[in-house]
Amino acid sequence: MKSILKYINDYQNKYNKSPSFMIRTYGCQMNERDSESISWILSKEGFVETNNMEDADIVIFNTCAVRQNAENKLIGNLGDLKHTMEAKNLEKIIMVCGCVMEIDSSRQFLEDKFKHVDIIFGTNSIAILEDLLEEHLSTKKQVVNIDSINLKTRETIGQNRKYNFKSYVNIMYGCDNFCTYCIVPYTRGREVSRDAKDIIAEVKHLVNSGVKEVTLLGQNVNSYGKTLDPQISFAELIYKIADIDGLERIRFMTSHPKDISKELIYAFDEIDKLMPFLHIPVQSGSDRILKLMNRKYTREDYLEKIDMIKSLKRDIALSTDIIVGFPDESDTDFDDTIDLIKRVGYDQAFTFIYSTRPGTLAAKMKNQVPDDIKNARLQRLIEVQNDISLEKNKKYLGKTLNVLVEGTSSKDDNFYSGRSEEFKLVNFKANEEDIGNIVKVKINDVKSFSLNGEKVEDR
Ligand code: 5AD
Ligand code: SF4
C-alpha cells in the first residue's frame with residue numbers, strides 16, 4: 001500500500017496531524033450501516049473521522065437512489081463543495097458511492113460532468129475501497145469500480161459504530177421483489193442471506209462490546225434464509241439471537257407484508273427481547289394499485305395480518321410506508337388508502353410522493369399523476385395520519401415507558417431523547433451518564449411525533 005502510506009506520512013510531516021475524512025450519508029439504514037464500514041476501512045488506514053466537510057481531506061457521499069430528490073441533493077452538494085474548494089483553494093479527495101452509482105446513466109453523468117470526483121464505487125465495492133484509494137493516489141486519475149464482490153469478502157470488513165450501545169446488523173443484502181416503482185433490486189442486486197452463524201457471532205461480539213440493542217437489517221427480512229442451505233426462517237434466526245445473554249432489545253427493518261409468517265407474528269408474544277414495534281409497509285390501500293405495484297398481496301391479505309398482530313397479548317406499535325400518486329392512482333384509489341390507514345391506526349407512517357425511477361416498470365406506465373394532485377394527496381394523507389398518530393400517543397399519557405437514552409435532544413440541549421420499546425421518540429431531562437442506559441420515563445405530554453416525560457426512579 002505504498003501510495004496511501006506515503007500520502008499519510010507526507011501529510012503528518014507537513015501538518016503534524018493525521019489526514020481526515022467525512023462521510024455524508026443519504027437514505028436508508030443500509031446506507032448508514034455501509035458508511036460505518038467505510039469509516040472502519042479509512043480509520044484502519046490511518047485517517048481520522050470528522051464532521052466538518054471544509055476541514056476533511058477526504059469527503060465521501062454515500063448516495064440514495066430511491067427518489068429523485070435524493071439524487072438532486074447529491075448534485076447540489078457536489079456543486080457547492082466544488083465552489084468552496086475553488087474559492088478557498090482547498091485540496092480534497094472526493095468519493096461518491098452508494099445506490100446512485102449503480103445506475104449507469106447517473107454514474108455516467110457524474111463521470112462526465114464532475115471530473116473533480118476522484119473515486120466512484122458501487123454498493124458492492126466497499127470491501128476494495130483501500131485498493132481504489134491506492135489506485136487513485138498512485139495514478140491521480142478518476143477511479144471507477146462497480147464490480148460485485150462476493151459475500152465472503154464482505155464478511156471481513158469491520159464497522160466503526162456511531163453508537164456504542166446499539167447497532168445495525170445486516171442479515172441479508174439485495175431484493176428480489178421488483179415492486180414496479182422501486183430501483184433497489186437494480187442498485188443492490190439479487191437477494192442473498194448471510195449465514196446465521198456469522199450473524200450470531202457478530203451480535204455476540206457487539207454485545208461483548210456494550211451493545212444492548214440490535215436492529216436486523218435487510219430489504220425484506222421476512223424472506224431471510226431462503227438462499228441458504230439448509231434453509232432457516234427469519235423467526236428461527238430471531239429465536240437464536242434472543243438466546244444471546246446480555247442482549248436486551250431486538251428490532252428489525254424492513255418487512256414485506258407478503259412474507260410475514262405466523263411464526264414471526266407469534267414470536268412477538270414469546271420473545272420479550274423482541275421489541276413491540278413492526279414496520280409493515282403497505283404502500284397503497286387500493287387493490288388495483290397494489291397489483292400495478294406488483295406487491296403480491298391484496299388489501300384483505302394485509303388487513304388479515306394486521307388483525308393477527310392486533311390479536312396478540314402484547315400491544316404492537318405499527319408503522320408503514322405509503323406512496324401517493326403512483327401511475328393511474330384515481331381519487332377512489334387514494335380514498336381506499338385513507339380508509340386503510342384509519343382502519344389500521346398506524347402509530348406512524350412514512351409518506352412519499354411517487355417518484356419516477358428510470359429503468360423501473362412503473363416509469364413506463366401511462367397515466368402518470370400530475371404534480372399538483374400528488375401534492376394535494378400527500379398533504380391530506382399527512383393531515384389524517386398526524387391526527388391518528390396523536391390519538392395513538394395519547395394512550396401513553398401517565399404511563400411509564402422503558403427508554404434507551406440516545407443523546408441530547410435535537411431541539412434543546414437540556415433535554416435528552418431516546419426510544420421506548422414501541423420505538424416512540426421520548427424527550428426528558430436526564431444526565432450525560434444516562435446515555436446508553438435504559439431508564440424509566442413517565443409520560444406527561446404527547447405530540448404526533450414524540451412524547452415528553454420525566455425520568456422516574458426504578459421501583
Ligand atoms: N417513489 C416514491 N417512493 C418510493 N419508495 C420506493 N420507491 C419509491 C419511488 N419510486 C418508498 C417505498 C419504500 C420506501 C423505502 O421508499 O414506500 O417502502
Ligand atoms: Fe423495493 Fe419492493 Fe424490494 Fe422493498 S420489497 S426494496 S419496495 S422492490
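Predicted model: local features only at pLDDT ≥ 70, side-chain atom pairs only at ≥ 80, totals over all residues.
A search of the whole structure finds 27 salt bridges, while the number of disulfides is zero. Five acidic residues also gather in a patch of negative charge on the surface.

**Salt bridges between distant parts of the chain**

- Side chains of opposite charge can pair when their charged atoms come close.
- Asp333 and Arg288 form one such salt bridge through their side chains, at 2.6 Å from N to O. This pair links distant parts of the chain, with Asp333 in helix α13 (residues 331-344) and Arg288 in helix α11 (residues 287-292), 45 residues apart.
- Asp434 belongs to the loop between β17 and β18 (438-446), and Lys455 to strand β19 (residues 451-456); the two are 21 residues apart.
- In this pair, Asp434 is buried because its relative accessible area of 10% falls under the 20% cut-off. Lys455, at 28% relative accessibility, counts as partly exposed.
- Arg33, Arg194 and Glu202 are joined into one network by salt bridges that share partners.

**The negative patch**

- The patch of negative charge on the surface is made up of Asp287, Glu300, Asp301, Glu304 and Asp307.
- Helix α12 (residues 299-310) supplies the largest share of the negative patch, four residues. Asp307 is in helix α12.

**Cysteines**

- A disulfide is a covalent bond between the sulfur atoms of two cysteines. The structure holds zero of them.
- Are Cys179 and Cys182 buried or exposed? Cys179 counts as buried at 9% relative accessibility, and Cys182 is buried with a relative accessible area of 16%.

**Backbone spots worth a look**

- Most residues other than glycine have a negative phi, and most peptide bonds are trans.
- The peptide bond between Asp229 and Pro230 is cis, with omega at about 0°. Pro230 is part of the loop between β10 (213-217) and α9 (234-242).
- Another cis peptide bond runs from Met253 to Thr254, with omega near 0°. You will find Thr254 in the loop between β11 (249-253) and α10 (262-270).
- Gln283 is not a glycine, yet its phi is positive, at about 70°. Gln283 lies in the loop between β12 (277-279) and α11 and is buried, with a relative accessible area of 7%.
- Asn367, also not a glycine, has a positive phi of about 60°. The loop between β14 and α14 (371-394) holds Asn367, and this residue is partly exposed, with a relative accessible area of 48%.

Definitions and conventions. Residues numbered from 1 in each chain as written. Chains lettered and ligands numbered in written order. Heavy atoms only, no water. Disulfide = S-S within 2.5 Å. Buried < 20%, exposed > 50% of the residue type's maximum accessible area, 1.4 Å probe, protein only. Patch = residues over 30% accessible without salt bridge, like charges linked within 9 Å, V, L, I, M, F, W, Y side chains within 5 Å. Areas by Shrake-Rupley, 256 points an atom, 1.4 Å probe, with all protein chains shown as cover. Salt bridge = Lys/Arg side-chain N within 4 Å of Asp/Glu carboxyl O. Lys, Arg positive; Asp, Glu negative; His and termini not counted. Charge placed at Lys NZ, Arg CZ, Asp CG, Glu CD.
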